[in-house]
Amino acid sequence: MITNYLENSGALNPGKVSEELWQAVIEAARPSELGPRCARFLRAWNRLAAERMETEDRLTPEDLSTAKKNLRLFIQLMKTEAVFLGHTERLDQDCFHAAHRRLQRRSLLTQFTLWPFWP
């Protein structure tokens, strides 16, 4: 868990949040490997999520836990898409985009969120 708290507010350091989210990606992706482009997309997604958390003043350990849980759900969705694409051993850019499209379709039918990643 992150130990670098901002002293007065009890908030987490946004840079550390991004790294914590990346570790959650790596753990959730196992045993599959991440393709280089997919890894770049996910790192960028994590940075944007950390910025959103900071902008919304939601940098508590509980908020980080929610973000990690939602990120794991997205990685699981990518793994499902990898099965449909025929390469379960590797999560690549195609898996990322397919999972993202599935989120878009799902959010049209119901109010669905994977805060701070979606919408």
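Reader: Why are helix 3 and helix 4 called roughly perpendicular to each other?

Author: In this predicted model, where local features need pLDDT of at least 70 and side-chain atom pairs count only at pLDDT 80 or more, helix 3 (residues 61–85) and helix 4 (residues 93–109) pack at an angle of about 115°. Angles of 65 to 115 degrees count as roughly perpendicular, and helix 3 and helix 4 are therefore described that way. Residues are numbered from 1 along each chain, and side-chain values use heavy atoms, without hydrogens and water.

Reader: Which residues of helix 3 meet helix 4?

Author: Contact means heavy atoms within 4.5 Å. Among the residues of helix 3 that meet helix 4 are Phe-74, Leu-77, Glu-81 and Phe-84, and the residues they face in helix 4 include Ala-98 and Arg-102. By class, the contact has 11 nonpolar, two polar and three charged residues.

Reader: What makes Glu-81 count as buried?

Author: Buried means under 20% relative accessible area. Glu-81 has 8% relative accessibility, so Glu-81 counts as buried.

Reader: What makes a polar contact for the side chain of Glu-81?

Author: The side chain of Arg-102 does, at 2.8 Å. A polar contact is a pair of N or O atoms within 3.5 Å, one able to donate a hydrogen and the other to accept it. Leaving aside neighbours within four places in sequence, Glu-81 is also in contact with Cys-95, Ala-98 and Ala-99, among others.

Reader: Why is Phe-84 called exposed?

Author: Exposed means over 50% relative accessible area. Phe-84, in helix 3, has 59%, so Phe-84 is exposed.

Definitions and conventions:
Axes are lines fitted to C-alpha atoms, for helices over the stretch in contact, and angles run from 0 to 180 degrees between N-to-C directions. Helices (H or I, at least four residues) and strands (E, at least two) are DSSP runs, numbered from the N terminus. Angles under 35 degrees count as roughly parallel, over 145 as roughly antiparallel, 65 to 115 as roughly perpendicular and the rest as oblique. Ala, Val, Leu, Ile, Met, Phe, Trp, Tyr, Cys and Pro count as nonpolar, Asp, Glu, Lys and Arg as charged, and the others, Gly among them, as polar. Buried means under 20% relative accessible area, exposed over 50%, partly exposed in between (1.4 Å probe, protein chains only).
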